[in-house]
Every structure is written in structure tokens, then in C-alpha cells.
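Follow the charged side chains through this structure.

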Amino acid sequence: MEHLHIQYNGWIVLLSFIIAVLSSYSALNLAGKISRARGKSRIAWLLAGSCVMGCGIWSMHFVGMLAFHLNLSIDYDIPVTVLSATAAIFASFIALRVTTDAQAKKWQLAAGGLFLGGGIVAMHYSGMAAMRTSAEIRYDPYLWWLSAVIALAASYAALYLFRRFRLSPDHSRWKLLSSIVMAIAICGMHYTGMAAARFVHPSPPPAGAAGAESTLFLIIGVSLATLFILAVSWGAIFFDRHVLEKMAYSDPLTGLANRHDLTRFFEEQFKAENGGAVFFIDLDRFKSINDTLGHDIGDLLIREVSRRLLECLSDRQTVFRLGGDEFLIASKDGSPEAAHALAERVLHNIKRPYFIEENELYVTCSIGISLAPEHGTDRSSLLKAADTAMYTAKSAGKNRFRVFDEEMDRHMIRKMELEKDLRKALVHGEFFAVYQPKCDAASNRTVGMEALLRWNHPTLGVISPLEFIPIAEDTGMIIPITHWLLKEVCRQNRLWQDRQWMQVCISVNMSVRMFESQSLYDMVEEALTLAGLEGHYLELEITESIAMHDTEDTVEQLRRLRLLGVRVSLDDFGTGYSSLGSLDEMPVDTLKIDQAFVRKSQISSKQAIISNIIAIAKNLNMEVVAEGVETEEQIRFLQSRGCHVMQGYYYGKPMTADEIGTRYHKAPAGSRF
């Protein structure tokens with residue numbers, strides 16, 4: 001029996017090591033893609049990663065086996081060779097499946113390492129069994145077990161490196177170093193296994209019977225196949241990273257990270273337990289700029305705002321565009337002092353003037369801040385808290401920041417509960433109207449009423465209109481509620497007339513949503529028709545902001561309503577931003593002096609404003625009504641300036657229809673009724 005001496009081709013050994021490095025590097029990159037993928041995409045990346053890793057390891061082993069020389073002709077059993085490759089791919093699948101699971105437990109990782117090591121051993125020795133030669137292969141048991149131990153060690157090292165660097169950037173020196181370490185371990189297992197093999201021939205082999213051409217062909221074929229697999233995997237990663245990922249995770253207008261990248265950021269980089277802060281930023285008055293100057297100017301403004309936000313950040317902070325005029329900054333510094341300082345920088349930078357295509361623009365922002373872990377540890381909780389704080393900043397006057405606190409949370413919860421219950425209130429008949437008299441101070445008689453909406457909540461009692469009206473306007477519920485109120489007021493007014501209690505005009509407050517709905521005329525006409533009420537007994541009260549909102553359309557709707565005989569009053573006159581130059585063009589019958597002026601009518605400056613409002617009304621042939629009258633001194637002053645119709649607690653608080661009836665019956669002749 002002749003023991004054959006094995007010789008190695010150093011260049012082919014080097015090639016096997018290079019293949020091991022490239023395979024390990026690709027596997028690390030694919031492990032990161034698998035960790036970030038979801039659903040069917042995750043399965044596809046897992047299959048691709050298993051094939052690349054398994055085929056890469058198999059190719060390294062196969063090239064390594066071709067590197068040795070025995071002076072014997074060697075062939076390979078194709079089915080067994082394919083089986084050895086399948087073992088490597090299947091073991092890689094299990095390893096990647098376990099490694100990329102963020103919730104994997106230690107025993108699962110241990111089982112995965114054992115499975116991968118066993119798969120590598122099975123792949124190597126089944127590949128050895130595929131050899132067809134005249135020599136008999138025997139194994140040194142000590143070296144055989146040493147190769148198995150090295151395989152297990154290499155497997156556990158690979159699993160550790162996969163988990164350690166799976167979320168690192170694709171091109172990282174740590175990944176390259178890890179790939180070299182994995183390649184050394186894989187090659188060490190292979191060549192230890194080869195050292196364990198003893199080739200025994202019954203007689204000395206004839207010289208030159210090695211089949212060199214066949215061996216060279218196999219080397220070239222395996223190498224090209226391996227490089228092709230690696231090229232495909234790297235090309236897929238490059239395309240996904242630089243094309244698809246950019247499309248999916250960046251905002252096309254500003255280049256900032258978008259909402260999808262925000263989700264990934266919180267999953268992979270933001271560690272709430274270590275502290276952090278979330279800044280929810282919303283631009284003030286951006287919609288008016290967009291509407292008046294156009295979306296192109298608005299887009300340029302958004303880009304400039306994005307650039308200024310980036311100027312405010314350090315390497316511990318990341319900015320995202322959520323959409324429209326909303327931005328978010330995530331900071332890894334969660335101290336209140338750092339959060340306040342960053343918010344101040346952002347406010348200062350944003351409010352500086354913008355010069356865009358010959359337009360000088362001014363815009364501010366409102367910022368809500370939530371801190372981790374005080375206000376939450378997950379993305380949803382922190383964003384909700386920051387969003388709540390941002391709306392509080394807007395309500396406080398805009399161009400400021402607010403840090404979330406528990407009172408805001410209670411307020412938001414109550415608001416959400418009221419919004420939910422508001423949708424059912426109309427169906428359940430929880431709304432009712434109260435009426436406040438308008439009196440002629442000279443005759444001391446009621447000449448009109450203002451109908452006010454109230455909500456009797458089944459568990460919370462009567463809810464202030466200051467609380468539920470804004471919610472109704474935001475949700476659009478104000479439209480069906482106002483429709484109900486119009487019908488109720490007309491019905492009640494007709495009832496009072498039929499009983500001959502009074503024949504007065506009753507006013508109803510309007511929301512801008514009513515004009516935007518383009519159905520106000522139909523609602524008013526329906527209410528008058530159902531009640532059989534003449535139009536001049538109904539008055540619609542609008543504010544200055546409504547009058548100036550889409551002025552042409554508002555004026556046209558009011559003119560149509562006046563054809564029904566309906567009256568129109570301009571409420572809170574002097575507190576808004578209506579133009580005196582267009583006041584004479586507005587189809588308005590009455591100006592109402594806001595109670596803010598009446599309450600301070602002892603001040604000479606307020607007296608001058610009141611006198612001018614009364615003069616304007618008289619010169620435009622309009623009636624004038626003073627709101628908030630509470631004292632006789634106010635009455636005497638208003639009468640001295642020519643205002644005789646007044647409304648306020650002096651003449652009566654808002655009353656229900658039943659209370660109005662009781663007061664009417666008790667009132668003596670010549671009284672305010």
C-alpha cells in the first residue's frame with residue numbers, strides 16, 4: 001500500500017481564500033438587507049442570501065480541493081457534489097434566518113451555530129465522498145474532530161459577526177475585517193479537514209496521470225460561477241441601496257429622510273432608554289403663502305426651510321420631512337436644556353426673511369417637543385406627545401415651542417373623547433339652543449335675539465361652546481349641527497309668533513365651513529320653508545374673517561340669501577382684519593360692536609373706536625348693536641353716541657325657550673319684553 005503525498009498549488013489556495021472573503025462580505029451585507037426587509041421582500045432576500053452564502057462557501061471548498069495534486073486522475077460524482085452544495089445552502093438559510101431575527105433568543109442562536117457548523121462539515125466531507133479516484137481515502141480521527149471543532153467555531157463567529165454588523169453601512173471597514181476573519185476560519189476548517197485525509201494507493205501511481213486539463217476547466221468554471229453569484233448579489237444590493245432605497249426613504253422635494261425612513265430610524269438607531277428628544281415642527285401660515293403665490297413658490301420655500309433646519313443640527317440629530325409643511329427632528333440628546341437650545345435655534349433660523357423669486361416672505365413655525373424616556377419609549381408614543389405639544393404651541397400664539405406634559409395629554413384625551421361623542425350628539429338630540437335678548441335701550445323692549453348653541457353631554461353635563469365648537473369646525477360636524485340649529489331657531493320663532501308672544505328677528509352664528517360647503521342657501525331656504533317663517537325674521541351673523549375669506553364667493557352667497565329676505569350682521573366688528581374699503585360692498589345690514597370695546601368704554605381710546613364704528617354704520621345706512629353691555633354707565637355712553645340696540649347680561653343672560661316663555665308671562669307691560 002502506497003501513501004500518497006499531497007501537494008498544493010499556492011495560487012489556487014489564495015483564490016479559495018479570496019472567494020471566502022468575498023462570500024463572507026456579501027453574506028454580511030445581505031444579513032443587513034434581511035433584517036430590514038418585511039413580508040415577501042424578507043423571504044426573497046433570505047433565499048438570495050442563503051444561495052450566495054452557501055454557494056460561496058461551497059465554491060471555496062471545491063476550489064480548495066482542486067488546489068491539491070496527487071498525480072492521479074480525479075473525477076467527481078455530480079449528484080453527490082450537488083448534494084454537498086445543497087447542504088451548504090440549507091445550513092446558510094437556517095443561520096441567516098436565526099441571525100437576522102431581532103427577537104432571537106440565546107438558545108436559538110446556539111442551535112443556529114450548531115446547525116451551520118454541522119452543515120459545513122456535511123458539505124465538506126460529502127464533497128470529499130464525491131471524489132472518484134483509484135486511491136482509498138482514510139481519515140485521521142484527531143484531525144477530523146479538530147476540523148469539526150473549527151467548523152463550529154467558525155459558525156459561531158459568523159453568527160456573532162452577522163448580528164453585530166448586520167445594520168452597519170454596506171461599505172464598512174469593520175465588515176471587511178469581519179469578512180477576513182470569517183474567511184480565515186472557513187479556510188482553516190477546510191485545510192484542516194484536508195490534512196485529516198490519507199490517500200492510500202495499492203501501487204505506485206503512474207506519473208502524469210492527473211488530468212490537468214479537467215482540473216483547470218473545473219477551476220475556471222467554479223470561479224466564474226462564484227464571481228457571477230457574487231456580482232449579482234452585489235449588484236442587487238447596490239441597486240437597492242442607491243436607487244430603490246433612495247426612492248423609498250428620501251423626500252423627492254427636499255432630499256431629506258421621509259416618514260418611511262423615520263420608522264427605520266426608530267427601529268435601528270434611536271435608543272429611547274438612553275435618552276433622546278423628538279421635535280415636531282409645523283410651519284405657520286404656509287397655506288396662505290401656497291394659496292396666494294402658488295405651489296411652485298411654496299415648494300421653493302419648503303426647500304429653503306429644509307436647508308435652514310439642517311444648519312441647526314449636530315451629528316447627534318436627524319431631520320425628516322413628514323409631508324406638506326411638517327418636519328420632525330430626532331435627537332439622541334434628551335436633556336431639557338439641549339432640547340430648549342435646539343428649539344430656540346430652529347425658531348430663530350426659520351423666522352428670518354426668505355427671498356424667493358423677487359418675493360420677500362416671512363414664515364414662522366410651531367414646535368412640540370417630547371423627551372425619551374419620560375414621555376415614551378416607542379416611536380408612536382413620542383410622536384403623539386410631540387404632536388400634542390405642537391398644537392399647544394399653535395394655540396398659544398404660534399412662533400414658539402412647548403414641551404409635552406401630562407396636562408396636555410389629559411386635554412388631548414378629553415378632546416378625542418368629545419370628538420367621538422360629538423358625532424353621536426346630533427343623532428341623540430343632545431344639542432339645544434339658548435337665546436339672548438337684544439333690547440332697545442330707549443323703549444326698553446326686546447327687538448331681537450341671538451341664538452346660541454349648547455351641548456348637554458350625557459355624562460359630562462353642559463359643554464362650553466368654546467370647547468366643542470372648534471372641534472366641530474375641525475371635523476366638519478359644524479355643517480350638520482348648524483343645519484339643525486337653523487331649523488330649530490326658525491321653528492321656535494314661528495311658534496312664538498303663533499302664540500303672539502313676540503315677532504323679532506333671531507340671529508344665528510355662521511362658520512366659514514358653511515360657506516365652503518356651498519349648501520348654505522339650500523339649508524336656510526329649507527329651514528324657512530319647513531317653519532313657514534318669513535326671511536326677515538332670520539339673521540345670519542358672520543365674523544370679519546369669514547367676510548374676507550374668498551370674498552367674492554362669500555359676497556355672492558350673501559346676496560343670494562338676501563333675496564330670501566334674510567338679514568346679515570357683521571359680528572365682532574373692529575377686532576378682525578376686514579378692509580374698510582370693501583365694507584360698503586358687503587351685503588351687511590348690521591354692525592355689532594365687540595364686547596372687548598364695550599367693557600373698556602371708560603377708556604378714551606376705546607370710546608373713540610366705538611364712536612367711529614357707530615359713525616361708519618350710520619353713514620352706510622347700517623344698524624348697530626353693542627355686545628357685552630353690563631352696566632348703566634355703558635348704556636348711557638352708548639346712547640350718547642347714537643347706539644340704542646344693546647345685548648348683554650344687563651338685559652338678560654342666554655335662556656332656553658322655556659325660560660323665555662316663563663319670563664314673558666311674568667314680565668309686566670312696558671318691560672323689556
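**Charged pairs and a patch**

Arginine 264 and aspartate 261 share helix H8 (residues 259–268), where three residues, about one turn of the helix, separate them. This is a predicted model. The two side chains form a salt bridge, with the closest N and O atoms 2.8 Å apart. Both arginine 264 and aspartate 261 are buried.

Helix H13 (residues 406–425) holds lysine 424 and aspartate 421, also three residues apart, about one turn of the helix. Their side chains meet in a salt bridge at 3.8 Å, N to O. Are the two partners buried or exposed? Lysine 424 is partly exposed, at 39% relative accessible area. Aspartate 421 has 15%, so it counts as buried, the limit being under 20%.

Glutamate 311 and arginine 352 form a salt bridge too, at 3.9 Å from N to O. This pair links distant parts of the chain, 41 residues apart. Glutamate 311 sits in helix H10, while arginine 352 lies in the loop between helix H11 (336–351) and strand S11 (354–356). Glutamate 311 is partly exposed, with a relative accessible area of 45%. Arginine 352 is partly exposed as well, at 31%.

How many salt bridges does the structure hold? The count is 25.

Now the surface. Asp296, Asp299, Glu357 and Glu358 form a negative patch there. Aspartate 296 belongs to helix H10 (residues 295–311). Its relative accessible area is 63%, so aspartate 296 counts as exposed, which requires over 50%.

How values were computed. Residues numbered from 1 in each chain as written. Predicted model: local features only at pLDDT ≥ 70, side-chain atom pairs only at ≥ 80, totals over all residues. Heavy atoms only, no water. Patch = residues over 30% accessible without salt bridge, like charges linked within 9 Å, V, L, I, M, F, W, Y side chains within 5 Å. Areas by Shrake-Rupley, 256 points an atom, 1.4 Å probe, with all protein chains shown as cover. Salt bridge = Lys/Arg side-chain N within 4 Å of Asp/Glu carboxyl O. Lys, Arg positive; Asp, Glu negative; His and termini not counted. Charge placed at Lys NZ, Arg CZ, Asp CG, Glu CD. Helix = DSSP H or I, 4+ residues; strand = E, 2+ residues; numbered from the N terminus. Buried < 20%, exposed > 50% of the residue type's maximum accessible area, 1.4 Å probe, protein only.
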